[in-house]
Amino acid sequence: MGFFNKLKEAALKEAKKKIMEELGLGGDDDETKPTMTTEEFERTKPDELRKDIRMISGCQDRQTSADVSNVSSFQLPDPAGKAGGACTSTLLNILYADEQVPEDDLSFVEVLEEMRIKLKSGDYSQIPQLSSMNPIDVNTKFDLVPDTATGTKRAVMIGINYVGDDPGELSGCWNDVLNMKKYIQDVHGFEEENIVILMDDGIHTEPTKANIIDAYKTIIAQAEENDAIFLHYSGHGTKLRDDDGDESDGYDEALVPRDFQTNGMIRDDDLYELLLKNLPDGVHMTSLMDCCHSGTILDLPYLFKGDGSQTEMTLDPNMNLDAFIEKLTGKLMEFLQAKMAASLSL
């Protein structure tokens, strides 16, 4: 972390300490930071954190995500070669094998844990995760688009094979996008004119950093109440040294656009500004991230891991309170006042 970022982090901690002392809450040293329950968080969190946002990721932040060599083994077509991302291929194998949906509804728990079973059987170590802005009953029906989203359904789908890169070329990302596109059209009713595809195949829009950012900005700007947004990314993901002190592990998660060598990465902080901050109220957004180090790339507070270790979704124990404060600049005093009022009313 650079000198000025260290100053920024120190100033943030000092400001938080002063506000808490002003409210009579005392200090909040990291070593004695209290655990916040879901009930406390839901009672007191600002309205900005009540948006309907979910993310399915193929692995935890510390893990890498793999390709499968032949998607036909997952009962999927192979329109752009045989390979595919392990996360996307496994999910579609559960939801759309042989282009057929399951006869019975599956819960979030069943889908995530079945994904892990299938990945493990193929010697893939990655653990799929579901994260959310709000707590989800994971025993309810799994659906990329809820029944309440009755408006327009729009999608941005990105597949990057990094053609010609050595090392670094992938082979399954185009298949991921094309197979997932067919699924959302056939099962969820997405229309062709509302699906934006970025792929480095010489046919579609090139997935450069500028083009990805523009596609994300556009889909958010178009969204209205009751609409549904689906975001799918299949490509490289990476971790970069945190440049603003808002990550508990010292690293930002990032997407790797096609022109990353000249124009850089798209950090999780960028995705927050592009997608979460400006999402209109009443719009449902689901993101599927099939890339390395993608577990918390949207920095959503609730987490469910598909490894059998959880029976319900809980607050992410590694959620960084400083990041929460910084992203809600000007809301800290209101949040702490609400939290204190709630505790006094008990």
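Guide: One term to begin with: two strands pair if DSSP finds at least two bridges between them. Also, this is a predicted model.

Visitor: How many strands are in the open sheet, and in what order?

Guide: There are 8, in the order S6-S5-S7-S11-S1-S4-S12-S13, and the pairing is mixed. At the edges are strand S6 (195-199) and strand S13 (314-315), each of which pairs on one side only.

Visitor: What holds strands like that together?

Guide: In general, strands of a sheet pair through backbone hydrogen bonds, either parallel or antiparallel.

Visitor: Which way do S1 and S4 run?

Guide: S1 and S4 run antiparallel, with 4 bridges joining them. In that pairing, Met 55 has Ser 131 of S4 as its bridge partner. S4 is also joined to S12 by 4 bridges, again antiparallel, and there Leu 130 stands opposite Phe 304 of S12.

Visitor: And the S4 residues, buried or exposed?

Guide: Gln 129 and Ser 131 point one way and Leu 130 and Ser 132 the other, and all are buried.

Visitor: Which residues of H4 are buried?

Guide: Phe 108, Val 109, Val 111, Leu 112, Met 115, Arg 116 and Leu 119. As background, an α-helix has 3.6 residues a turn, so residues three or four places apart point the same way.

Visitor: What covers the buried residues of H4?

Guide: The cover includes strand S1 (52-57), helix H3 (86-96), strand S4 (129-132) and strand S12 (302-305).

Visitor: What happens just after H4?

Guide: Asp 123 takes a positive phi of about 65° there.

Visitor: Last thing, the whole protein. How many helices and strands?

Guide: The protein has 10 helices and 13 strands. Of its 346 residues, 50% count as buried. The accessible surface comes to about 15900 Å², and 48% of that belongs to carbon and sulfur atoms.

Notes
Residues are numbered from 1 along each chain as its sequence is written. This is a predicted model: local features need pLDDT of at least 70, side-chain atom pairs count only at pLDDT 80 or more; totals for chains, interfaces and linings use all residues. Side-chain values use heavy atoms; hydrogens and water are left out. Helices (H or I, at least four residues) and strands (E, at least two) are DSSP runs, numbered from the N terminus. Buried means under 20% relative accessible area, exposed over 50%, partly exposed in between (1.4 Å probe, protein chains only). Accessible areas come from the Shrake-Rupley method with a 1.4 Å probe; for residues, only the protein chains shown count as cover. Contact means heavy atoms within 4.5 Å.
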